[in-house]
Amino acid sequence: MNDRSRLAPLALAALALGFPGPVRAKEPGRALAHDVYFTLRDASPAAKQMLVDACRKHLGGHEGTVFFAAGVRADEMARDVNDRRYDVSLHVYFRDTAAHDAYQEHPRHKRFIAEMSSNWASVRVFDSWVETTR
């Protein structure tokens, strides 16, 4: 089984769950990775899921997004090198800085912050240019 045939079921599942389809990066093999790590005041399973759901509702599907994912910390990954100072992570990759900047100013992004920020103890944002493979 080649890599493409292994990824096909994952891609179909992602589309079925409402994740946006791929958008070509402006420069092939390059994307702006916007990774956000939330530490919550109320870190109950319900509060974590509420934030993940809000990420999907407000932050997925923006113009220029080439990858989107949100989820909870993998508690089973507890090696010495694992940074465990967060509860929920968000990963949005953009085709360029213009797409990122538009996302930051979009009403859905602002609504997400207004609705969810009261439960944030801390937010860490890591933006980096990444090289992607096909």
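This is a predicted model: local features need pLDDT of at least 70, side-chain atom pairs count only at pLDDT 80 or more; totals for chains, interfaces and linings use all residues.
## Exercise 1. The overall fold

State how many helices and strands the protein has, and give their pattern along the sequence.

Solution. 
- Step 1. Count the elements. The secondary structure comes to 4 helices and 4 strands.
- Step 2. Read along the sequence. The pattern is α-β-α-β-β-α-α-β.
- Step 3. Check burial. Of the 134 residues in the protein, 33% are buried.
- Step 4. Check the contacts. Take those with a separation of 6 or more: residues 24 or more positions apart account for 79% of them.

## Exercise 2. The buried face of helix 4

Decide how the buried residues of helix 4 are arranged around its axis, and name the elements they pack against.

Solution. 
- Step 1. List the residues. Helix 4 spans residues 107-116, and its buried residues are His109, Phe112 and Met116.
- Step 2. Look down the axis. The buried residues fall within an arc of 55°, so they line one face of helix 4.
- Step 3. Recall the geometry. An α-helix has 3.6 residues a turn, so residues three or four places apart point the same way.
- Step 4. Find the partners. The buried residues pack against strand 1 (30-40), helix 2 (45-59), helix 3 (97-105) and strand 4 (120-131).

## Exercise 3. Salt bridges

Solution. 
- Step 1. Take Glu63 and Arg95. Their closest N and O atoms are 3.3 Å apart. Glu63 lies in the loop between helix 2 and strand 2 (65-72), and Arg95 in the loop between strand 3 (88-94) and helix 3. The two are 32 residues apart, and the pair links distant parts of the chain.
- Step 2. Classify this pair. Exposed means over 50% relative accessible area. Glu63 is at 61%, so it counts as exposed. Arg95, at 24%, is partly exposed.
- Step 3. Take Arg124 and Asp83. The closest N and O atoms of this salt bridge are also 3.3 Å apart. Arg124 is in strand 4, and Asp83 is in the loop between strand 2 and strand 3, 41 residues apart. Arg124 is partly exposed at 23%, and Asp83 is partly exposed at 33%.
- Step 4. Take Glu105 and Lys110. Their side chains meet at 3.1 Å, N to O. Glu105 is exposed at 54%, whereas Lys110 is partly exposed at 43%.
- Step 5. Look for a network. Salt bridges link Arg73, Asp75, Arg84 and Asp87.

## Exercise 4. Aromatic pairs

Classify the ring pairs Tyr37 with Phe126 and Phe112 with Trp120.

Solution. 
- Step 1. Count the pairs. The structure holds 7 aromatic pairs.
- Step 2. Take Tyr37 and Phe126. The rings are 5.8 Å apart, centre to centre, with 75° between the planes. Planes over 60 degrees apart count as edge-to-face, so this pair is edge-to-face.
- Step 3. Locate the pair. Tyr37 is in strand 1 and Phe126 in strand 4, 89 residues apart.
- Step 4. Check burial. Tyr37 is buried at 19%. Phe126 is partly exposed at 42%.
- Step 5. Take Phe112 and Trp120. The ring centres are 5.6 Å apart and the planes are at 45°, so the pair is tilted. Phe112 and Trp120 are both buried.
- Step 6. Look for a cluster. Tyr37, Tyr86 and Phe126 form one aromatic cluster.

Technical notes
Residues are numbered from 1 along each chain as its sequence is written. Side-chain values use heavy atoms; hydrogens and water are left out. Buried means under 20% relative accessible area, exposed over 50%, partly exposed in between (1.4 Å probe, protein chains only). The arc is that of the directions from the helix axis to the C-beta atoms. Contact means heavy atoms within 4.5 Å. A salt bridge is a side-chain nitrogen of Lys or Arg within 4 Å of a carboxyl oxygen of Asp or Glu. Rings of Phe, Tyr and Trp (its six-membered ring) pair if their centres lie within 6.5 Å; planes under 30 degrees apart count as stacked, over 60 as edge-to-face and the rest as tilted.
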